[in-house]
Amino acid sequence: MRRRTTVALTCAAVIVAVGGIGATAVAGQQPGVTQTASMVPVGNGPDGSKVSLDTTLFVPKNLHGTAPAVILAHGFGGNKDDETSEALTLARHGYIALTYSARGFGNSGGQITLDSPDYEVKDASRLIDLLAKDPRVHLDKPGDPTVGIAGGSYGGALTLEAAGYDQRVDAIVPAITWNELGQSLFPQFAQTAPATNAADTAPIPVPGVFKKQWAADFFGTGSDAGVTPTTCGKFAAAYCAAYQASAAQGRPTPEMLALMAANSPARILDRIKAPTLLIQGEADSLFPLSEGDANAKGIAANGTPVKVVWYGGGHDGGLPETKRIDSLTLSWFGRYLKKDGTAPDTRFEVTVPNAALTASDSQPKPSVRVAPGLPGVTSTGSTPTQALNLTGGQQTVVAPAGGSPAALTGLPGFGSILGQVAQAGGLSSISQLPGQVATFETAPLTATLRLTGSSYVDLKVTGTAPDATLFASLLDVPSGSAQPVLPQSLVAPIQLSGPLNGGQTVRVALPAIVRDISTGHRLRVVISTTDQGYALPQTARAYQISLAAPTLSVPVLAVTALNPSNPALVWIGLGVVVLVLLAGWLVLRVRTARRIAAASDPALVDIPLVISGLGKAYQGGFRAVSDLSFQVEPGQVLGLLGPNGAGKTTTLRMLMGLIQPTEGEIRVFGHRISPGAPVLSRVGAFVEGPGFPPHLTGIDNLLLYWRAVGRPIEEAHLDIALEIAGLGEDIHRRTRTYSHGMLQRLGIAQAMLGLPELLVLDEPTNGLDPPQIREMRDVLSRYAATGRTVIISSHLLSEVEQTCTDVVVMDRGRLVAQGTVAELVGRGGSTLFGVDDEDATVRLANAMPGIISAGKSHDGVVMDLNGTPPADVVAALVAAGIKVDRVAPQRRLEEVFLTLVGQEHS
Amino acid sequence: MTVTTVGSHGGLAAAPPPEPTDPRTGAAAAYSPARTLPLRVEVIRQLRRRRTQLGLGFMVLLPFLLLLAFKAGGPDNGGGAPGLVDLATVGAPNFTLFTLFASTGFLLVVIVALFAGDTVAAEASWSSLRYLLAAPIPRSRLLRQKLVVALGFGLFAIVLLTAVALLAGWIGFGWHPARSPLGTTIATGTAFVRLLIVIGYLAIVMLFVAALAFLLGVYTDAPLGAVGGAVVLVIVSNILDAVSALGNLRQALPTHYQYSWVDALGPSVSWDAMTKGALYSIGYSIVLFGLAWRHFLRKDVLS
């Protein structure tokens with residue numbers, strides 16, 4: 001939310017995408033907020049003119065009583081509209097927000113004096129006065145409203161200074177701003193003292209290297225802000241003159257140094273009592289992390305609560321992290337303005353860009369890590385460091401005359417974009433020019449290094465020139481052919497003065513970076529003589545650079561992931577999964593055990609099969625079997641006879657547990673059949689044709705089937721089954737190649753594996769040739785002779801008649817007859833007489849003793865002879881003058897069958 | 001015409017009396033539901049199928065095909081993931097990652113659907129299902145054993161593809177440390193750990209595909225219908241995932257996180273998306289498996 005970094009129009013292009021567009025889009029959609037614009041007179045400018053500021057007050061419409069206020073300060077080159085989006089957010093959260101255009105910007109009058117305590121900072125106090133008079137603003141005491149200030153960059157320094165000069169400020173959120181403007185525009189990273197905190201700087205008292213590109217953007221923006229074409233634009237004359245003189249000579253004039261010092265928060269940090277949420281950007285070559293650390297350190301030294309956040313963005317773009325910064329800001333103001341009672345949180349938070357990959361948006365993903373505090377800043381002690389050995393001897397580097405060609409590491413506002421180019425391998429050729437760089441390298445890392453802050457290296461610089469301008473950087477060097485990476489395109493300038501011919505030893509703070517350096521990578525310290533972003537010496541020089549100490553001191557702050565992916569959720573999820581599975585498994589087991597336990601009838605354990613009241617209605621109402629009851633005794637060969645569609649197969653499928661009956665039950669050896677009932681292990685079945693995986697040989701099919709049954713191989717009696725299959729050598733061929741008859745025999749052999757006590761064969765002679773049919777009959781009767789039971793279903797009368805001892809006749813799902821074959825086919829059956837006079841025949845037959853009945857049929861007269869020899873009847877008929885053209889036994893089974901099947905049979 | 005004799009049946013005459021039985025269940029004494037359809041038997045039954053052999057064979061073939069393609073044409077900017085294609089020729093680990101990346105969307109889906117969708121449906125189409133069930137193999141046990149073997153083959157296919165890709169990459173491009181699309185390198189030891197994470201996550205993502213195919217396979221008697229149906233549904237999910245108008249709803253699509261294993265390739269492993277993806281996949285899978293069991297335990301086996 002503090003990302004408004006309008007220091008330069010160039011960088012605005014990057015940043016606007018984050019905040020500016022959002023502001024206009026959101027503005028019209030906040031019905032719950034009243035916005036009131038007004039011009040507020042604040043006093044005179046340095047030129048004596050009267051100045052009024054353009055302000056807007058955002059008040060929640062549903063406000064009852066009073067609310068704390070927040071003043072929002074915009075960035076350089078911007079105006080109050082930049083803060084509209086954030087003001088609305090705050091108003092929605094119950095704050096009264098005040099945005100304003102700083103003097104010299106937007107529609108406000110006056111001239112720019114770079115957050116001068118005499119002008120811009122006093123303006124902030126006037127605005128606090130204004131809030132103190134508003135009856136809707138909560139007051140700590142009369143004239144002292146409950147007020148916070150938030151601002152980024154130019155607005156960030158204003159925020160710090162306002163809190164230092166005006167003690168009425170209760171909480172501040174300064175972001176990506178300077179501590180010492182001189183160190184920001186003329187950076188010096190040669191150090192006097194060892195570091196105590198992660199991004200420490202204790203620059204030597206030599207003015208640093210002019211950061212000319214950033215400075216030009218900075219001052220150029222202020223100059224452009226006017227309508228009249230003047231060289232100074234809206235800058236106050238003193239600032240304009242000081243800058244122009246400094247820029248011309250490439251180093252700060254005393255006037256410039258004085259102005260920058262006066263306008264820097266560094267001076268007044270000891271006065272700040274307002275709890276401070278200090279946000280600094282990692283992608284920031286203008287106000288690097290060291291500026292934020294210096295501010296935080298100075299404020300924390302007062303005992304004031306300070307929370308430091310290093311986020312992934314900054315003046316160079318980077319990761320906006322808008323939502324996270326918004327929520328941090330809201331919770332900070334909530335704690336210290338609304339006094340919502342939340343626990344203080346001064347943990348150090350750091351974003352590690354590129355810490356992880358994510359496939360969802362094809363973008364590298366940052367991770368946020370925390371430490372209890374920043375050692376040396378917001379907590380005691382100093383940042384732990386690790387010393388890595390550096391190798392590299394003395395190297396001579398050249399600075400070209402006129403400072404050209406010069407290395408290009410970054411562009412103001414676009415540092416990270418160049419960084420991405422560099423990662424793709426395109427930049428190393430222009431970020432380090434041959435002859436201009438000295439490099440020192442560590443050995444490959446043996447473990448991942450979580451670099452968090454500045455590393456230090458001790459160098460010895462020798463040369464003939466009166467001074468030296470150098471640029472230090474730290475590269476992540478992958479193994480193999482991958483390109484080295486200059487994280488965030490940051491470099492640390494060093495300006496040395498005084499005689500160098502004897503060599504000068506200097507401790508250099510390398511740029512503060514946050515990055516996970518992978519195992520196997522090296523770190524490379526690069527010392528360059530040029531960088532296009534900075535003012536360079538115009539005379540040609542050569543320096544000898546060597547290591548004063550062969551170590552690189554890297555900060556290894558102990559940090560932990562802020563929001564590890566919610567482990568509780570994962571464990572709860574997995575726990576639920578396990579519980580559901582466990583419950584399902586238990587329910588299944590209990591149900592199966594109960595079903596089996598309840599399914600036994602001790603009275604029937606010796607009866608192979610009892611079917612009682614069996615019925616099956618399919619969905620849609622078709623009834624395949626109705627009210628079927630019969631019983632099969634041990635040693636029987638039962639024929640289940642019926643035309644196609646009589647329900648035979650459905651009955652057998654129910655017997656195998658494949659189909660659930662809708663009524664009635666089937667008991668095998670006293671145990672009720674259900675899907676997978678264990679008693680089925682004593683039943684061998686061949687129903688509706690063979691079923692074999694075609695890719696297995698005949699023998700493999702039998703063997704694997706038996707192994708699937710899970711019983712010992714010696715119980716299979718494989719030899720008998722193979723004998724019955726009678727396939728000879730064909731048993732070793734894949735069943736895919738088998739004829740129908742071969743499959744049929746293999747199927748019957750499979751059913752007979754283990755010599756089951758109840759063998760069920762459905763149409764077993766289909767596809768067999770007559771000799772095989774005869775053999776099969778023989779097999780089945782021998783099988784029954786062992787005391788086992790066989791059920792054969794067939795639609796062929798002759799087959800049943802020749803093979804079975806007992807018959808059950810079914811039609812249309814019902815039982816129509818049952819009994820022994822002898823009973824149904826026995827000698828006492830009916831006989832058909834084909835005669836010319838049927839009526840006379842019936843009369844005669846009724847008169848004959850021994851004949852039980854006689855009746856006309858459609859092709860003759862049917863008589864129940866009851867043992868009377870047919871020849872006697874024929875003799876009697878002929879004697880009575882009736883012509884007999886044929887005599888045929890008319891079995892009852894066939895009669896029944898014919899009646900059932902209708903007229904298809906003659 | 002030759003007459004095949006059926007044999008003498010001397011053995012039958014000497015048939016022993018029936019085996020003893022268990023009075024409680026009425027089963028043959030040596031029968032135990034827990035011993036039916038041992039995994040080893042099901043593995044043999046599946047492994048001897050041409051379909052299984054071809055599927056696994058392709059896992060061996062594909063890395064070498066890709067290797068040939070790279071050798072013939074040089075790397076190509078195929079789009080898709082952040083640069084895994086461009087990095088494919090860096091070394092064996094990168095080649096492996098690319099192979100996995102290229103296979104995630106379709107090939108592995110087809111293979112896994114084949115193993116899981118066909119296993120029950122093929123038995124139904126061969127009519128052997130009824131004999132297995134009447135053996136009797138309890139229905140739940142049959143599903144369990146078949147599923148375990150199918151999932152095992154699926155996992156084996158992923159591992160095999162990875163192993164062969166490592167080998168092919170080694171032959172073709174040598175052994176160089178893995179490079180992530182971020183430009184960082186991953187040391188060999190770490191790379192193996194990351195590969196294991198990738199395989200593990202891929203397996204979890206593919207669990208959903210397996211569950212879908214398995215459910216369809218339990219419903220239909222047509223193996224191709226089950227496999228094809230599952231693949232088509234996965235493709236539909238992918239297409240819906242491409243409709244940005246659906247916004248966050250897409251996160252609930254079972255294939256939304258299928259490439260999230262790429263998150264394991266950064267300097268540190270990012271678990272967020274993989275956690276979500278895994279939970280969604282496991283969640284969907286449980287529902288689908290539950291439906292498969294529910295249906296199969298009650299269904300009338302008519303095939």
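Is the crossing of α16(A) and α18(A) left-handed or right-handed? It is right-handed. A crossing counts as right-handed if the near helix is turned clockwise from the far one by less than a right angle, and left-handed if anticlockwise.

This is a predicted model: local features need pLDDT of at least 70, side-chain atom pairs count only at pLDDT 80 or more, and totals for chains, interfaces and linings use all residues. Residues are numbered from 1 along each chain as its sequence is written, while chains are lettered from A and ligands numbered from 1 in the order in which they are written.

Stay with that helix pair. Helix α16 covers residues 698-709 of chain A, and helix α18 covers residues 740-752 of chain A. Their axes come within 10 Å and cross at roughly 25°. That angle makes α16(A) roughly parallel to α18(A). Angles under 35 degrees count as roughly parallel, over 145 as roughly antiparallel, 65 to 115 as roughly perpendicular and the rest as oblique. Axes are lines fitted to C-alpha atoms, for helices over the stretch in contact, and angles run from 0 to 180 degrees between N-to-C directions. Helices (H or I, at least four residues) and strands (E, at least two) are DSSP runs, numbered from the N terminus.

From α16(A) come A:Gly698, A:Asn701, A:Leu702 and A:Tyr705. They meet A:Leu746, A:Ala749 and A:Gln750 in α18(A). Contact here requires C-beta atoms, placed from the backbone, within 7 Å. By class, this contact has 4 nonpolar, 3 polar and no charged residues. Ala, Val, Leu, Ile, Met, Phe, Trp, Tyr, Cys and Pro count as nonpolar, Asp, Glu, Lys and Arg as charged, and the others, Gly among them, as polar.

Now the sheets of chain A. Strands of a sheet pair through backbone hydrogen bonds, either parallel or antiparallel. Two strands count as paired if DSSP finds at least two bridges between them. An open sheet of 6 strands has the order β33-β34-β35-β30-β36-β37 in chain A, with mixed pairing. Its edges are β33 (683-686) and β37 (814-820) of chain A; each has a single partner strand, so one side of each is left without a neighbour in the sheet. Neighbouring strands are turned by 15° against each other on average, direction ignored. Strands β34 (residues 758-762) and β35 (residues 789-794) of chain A run parallel and are joined by 5 bridges. A:Val760 stands opposite A:Ile791 in β35(A). Two helices cover strands of this sheet. Helix α19 (residues 770-785) of chain A touches β30, β34 and β35 of chain A, its direction making about 145° with that of β35(A). Helix α15 (residues 648-655) of chain A lies across β30 (637-641), β34, β35 and β36 (806-811) of chain A, at about 145° to β34(A).

Another open sheet has 4 strands, ordered β29-β28-β31-β32 in chain A, with antiparallel pairing. Strands β29 (623-632) and β32 (671-672) of chain A are at its edges, each pairing on one side only. Between β28 (residues 609-617) of chain A and β29(A) there are 6 bridges.

Turn to chain B. It has 10 helices and 2 strands, in the pattern α-α-α-α-α-α-α-β-β-α-α-α. Its C-alpha atoms fill a box of roughly 80 × 45 × 40 Å along the principal axes. Of its 303 residues, 53% are buried. Buried means 20 or more other C-beta atoms within 10 Å of the residue's own, exposed 12 or fewer, and partly exposed in between. Helix α8 (residues 188-219) of chain B packs against α10(B) at about 20°, with axes 8 Å apart. The two are therefore roughly parallel, and their crossing is left-handed. Their contact has 20 nonpolar, 4 polar and no charged residues.

Where do the chains meet? The contact takes 79 residues from chain B and 84 residues from chain A. On the chain B side, α10(B) gives the largest share, 6 residues. That side has 43 nonpolar, 24 polar and 12 charged residues.

B:Leu12 gives a local view. It sits in helix α1 of chain B. B:Leu12 touches A:Ile720, A:Val779, A:Arg782 and A:Tyr783, not counting residues up to four places away in sequence. A:Ile720 lies in helix α17 (residues 718-725) of chain A. With 25 C-beta neighbours inside 10 Å, A:Ile720 also counts as buried.
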